[in-house]
Amino acid sequence: YSSAVQKFSQTLQSFQFDFIGDTLTDDEINIAESFKEFAELLHEVELERSMMVQNASDLLIKPLENFRKEQIGFTKERKKKFEKDGEKFYSMLDRHLHLSSKKKESQLQEADLQVDKERHNFFESSLEYVYQIQEVQESKKFCIVEPVLAFLHSLFTYNNLTVELTQDFLPYKQQLQLSLQNTRNHFSSTREELEDLKKRMKEAPLTCKLPGQPTIEGYLYTQEKWALGISWVKYYCQYEKEAKTLRMTPIDQKPGAKQGTLDLTLKSCVRRKTDSIDKRFCFDIETNERSGTITLQALSEANRRLWMEAMDGKEPIYHSPITKQEEMELNEVGFKFVRKCINAVETKGITTEGVYRTVGSNIQVQKLLNAFFDPKCPGDVDLQSGDWDIKTITSSLKFYLRNLSEPVMTYKLHKELVLAAKSENLDYRLGAIHALVYKLPDKNREMLELLIQHLVNVCEHSRENLMSPSNMGVIFGPTLMRAQEDTVAAMMNIKFQNIVVEILIEHFGKIYSGPPEDTTAPPVPPPRVAARRHKPITISKRPLRERPVFFDASVEESGAERLGQTPNGSGVEAPKPLHRSRLPAPRPGGDEPGRPPAESRPQPRAEPELGKLVSRLQDGGAKPAGRAANGVVTSPALRTATLQARRPAPRPGICGREGDSDCVPKPRSHGDKPVITRPPVRPPDPPCRTPIPPKLEQRPDLIAGTAEEMPSSV
């Protein structure tokens with residue numbers, strides 16, 4: 001499972017999103033970086049899991065296996081030796097008892113000496129075997145519990161990490177969900193516009209000319225007069241309306257022909273009469289570079305109209321064959337309609353959930369618009385009456401704004417506004433939009449201020465109506481701004497139109513407090529060392545957290561012999577756990593202020609330090625000053641001494657809580673479960689004397705005469 005998660009993390013780390021367009025929104029940046037954040041989190045969790053698994057081997061399994069092999073295995077060897085020596089001794093004793101008393105005295109004395117020797121060996125084996133059993137029984141109390149305790153600490157550390165990651169992940173999750181919702185809203189609005197565009201293109205496909213674009217380009221056939229007759233040559237033509245330049249590139253060039261691209265300056269354009277030529281869709285142009293007229297043939301009648309419209313032909317200009325709804329104007333009646341709609345919404349529907357997002361009935365919307373814009377009595381409609389619900393009023397307002405002959409924020413400034421929204425510099429983004437607002441015509445700026453003020457009021461009730469500035473931007477972005485050309489590329493910029501409206505709502509007070517100092521051009525980005533930019537949301541760069549301390553009993557190492565201490569358990573056997581790249585564990589038992597480093601301090605002897613440790617615990621559970629604050633360190637040289645001096649580590653739920661310093665066992669009342677406690681500390685024995693187990697102290701007959709001959713290992 002861990003390996004599969006690691007592979008999944010690597011896949012997320014290497015995954016790259018593909019985006020359409022030249023610029024990403026702030027929400028898209030968050031989404032693009034999200035997989036890398038997920039990969040970091042998964043890697044961190046699995047790294048900690050692998051460390052826990054490694055600690056399970058180093059801190060639990062290996063110490064128990066070593067205890068079984070070294071202690072229990074050695075005891076079995078002692079048992080075999082004891083049984084062998086016992087069998088040998090009793091068999092010799094039986095033979096000795098059957099000796100005849102008539103044998104020589106020397107033979108009897110020799111037999112007695114042999115029996116005494118075997119008895120001595122048997123007593124020695126008995127003593128070693130009994131002592132080994134006692135040592136195993138006593139040492140397993142801590143040699144078995146300590147590894148389990150260390151492993152539990154490792155397990156709790158891992159579980160605590162997941163809790164910490166959950167706490168850190170929640171705010172990131174909320175922000176990422178907001179970015180996902182905003183992106184989904186942008187996608188929905190863009191999809192609706194693309195569906196409308198596809199429908200319009202199916203009804204009447206356009207060629208060559210895009211509304212609002214100064215350049216028209218496409219294929220034209222040119223009449224060429226030769227000595228032997230007339231031929232039609234195909235050219236790819238590009239016309240720039242402002243400079244009146246026509247570039248003609250021949251398509252079907254004959255081998256060896258020297259004719260290249262022609263750059264001509266247009267003087268006039270006239271439609272060719274049908275009865276004057278045997279070709280259809282023709283028109284004549286005059287240029288400064290050539291004398292006479294040049295006859296060109298378009299691909300269709302609609303294509304010829306577009307070319308003539310671009311070249312300011314003398315024939316009447318025909319509108320695009322796309323059928324459009326009746327356009328509305330930004331006039332007095334329009335202002336009156338907008339004010340009445342705003343007043344009605346703010347009076348009786350500003351707290352309605354989903355206001356402006358919920359669509360009204362098309363029949364009711366057309367009925368309201370027809371009644372209000374009736375030429376006989378325009379504006380004679382009471383929107384405060386119960387005849388019109390909030391959905392109808394809001395949908396009518398959006399319909400009116402969307403069907404203006406020119407959007408409120410004008411075609412002329414559309415490109416500049418979108419470029420401002422694409423800027424990564426937040427200050428320039430706001431400053432440019434601020435300047436461009438005051439470049440709008442007076443009527444448009446007045447209408448925009450009226451609408452944005454209303455949207456600010458609506459967003460102030462976002463807790464009731466659930467309409468945030470981002471949601472309002474999605475709704476009114478395509479309504480207040482739209483590109484003059486109907487292309488997929490223009491539809492991809494709808495999300496930046498939404499951002500413009502969102503900025504207007506969020507910074508309404510600053511933008512409409514007055515024009516910027518210089519309104520001739522948008523401000524350039526300020527010359528900063530590090531410009532204020534949008535920072536993607538992140539979790540991998542969060543502040544570091546300290547690891548919790550589950551128990552804090554420690555023993556100072558003696559002399560130069562030190563055991564490696566991990567943050568996850570005791571140092572019975574120095575394990576080598578993995579180290580996480582993030583959230584590193586604080587140094588266990590960091591040096592106190594004013595004290596020299598541990599390396600430069602003289603190391604005290606273990607025996608006095610043990611007495612201090614236990615006395616501190618008995619006096620009030622104060623935290624002992626040791627290098628290993630997270631675990632229990634046991635040195636091999638101290639195992640015998642700590643047999644009676646060690647106390648159990650305090651449980652987290654009892655005395656590990658903050659402010660609970662009374663860790664001394666209290667007298668239990670009747671009915672309470674017994675609590676295991678250790679006897680008081682006995683002063684350490686002199687180094688030259690080997691401690692004798694209590695069981696053997698009661699058998700002086702086994703000890704007498706054998707202390708000098710006991711093996712050094714005992």
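1. F35 is partly exposed, with a relative accessible area of 22%, and F38 is likewise partly exposed, at 23%; the term covers values between buried (under 20%) and exposed (over 50%), computed with a 1.4 Å probe on protein chains only. This is a predicted model, in which local features need pLDDT of at least 70 and side-chain atom pairs count only at pLDDT 80 or more, whereas totals for chains, interfaces and linings use all residues. Residues are numbered from 1 along each chain as its sequence is written, and side-chain values use heavy atoms, leaving out hydrogens and water.

2. Both F35 and F38 belong to helix α2 (residues 26-97), where they are three residues apart, about one turn of the helix; helices are DSSP runs of H or I with at least four residues, strands are runs of E with at least two, and both are numbered from the N terminus.

3. F337 and F372 form an edge-to-face aromatic pair, with 4.9 Å centre to centre and 65 degrees between the planes; rings of Phe, Tyr and Trp (its six-membered ring) pair if their centres lie within 6.5 Å, and planes under 30 degrees apart count as stacked, over 60 as edge-to-face and the rest as tilted. This pair links distant parts of the chain, since F337 lies in helix α6 (residues 332-348) and F372 in helix α7 (residues 362-372), 35 residues apart. Both F337 and F372 are buried.

4. Ring pairs also join F15, F17, F35, F38, F169 and Y172 into a cluster.

5. In helix α5 (residues 301-310), the buried residues are N303, R304, L306, W307, M308 and A310, and α5 is followed by D312, whose phi is positive, near 55 degrees.
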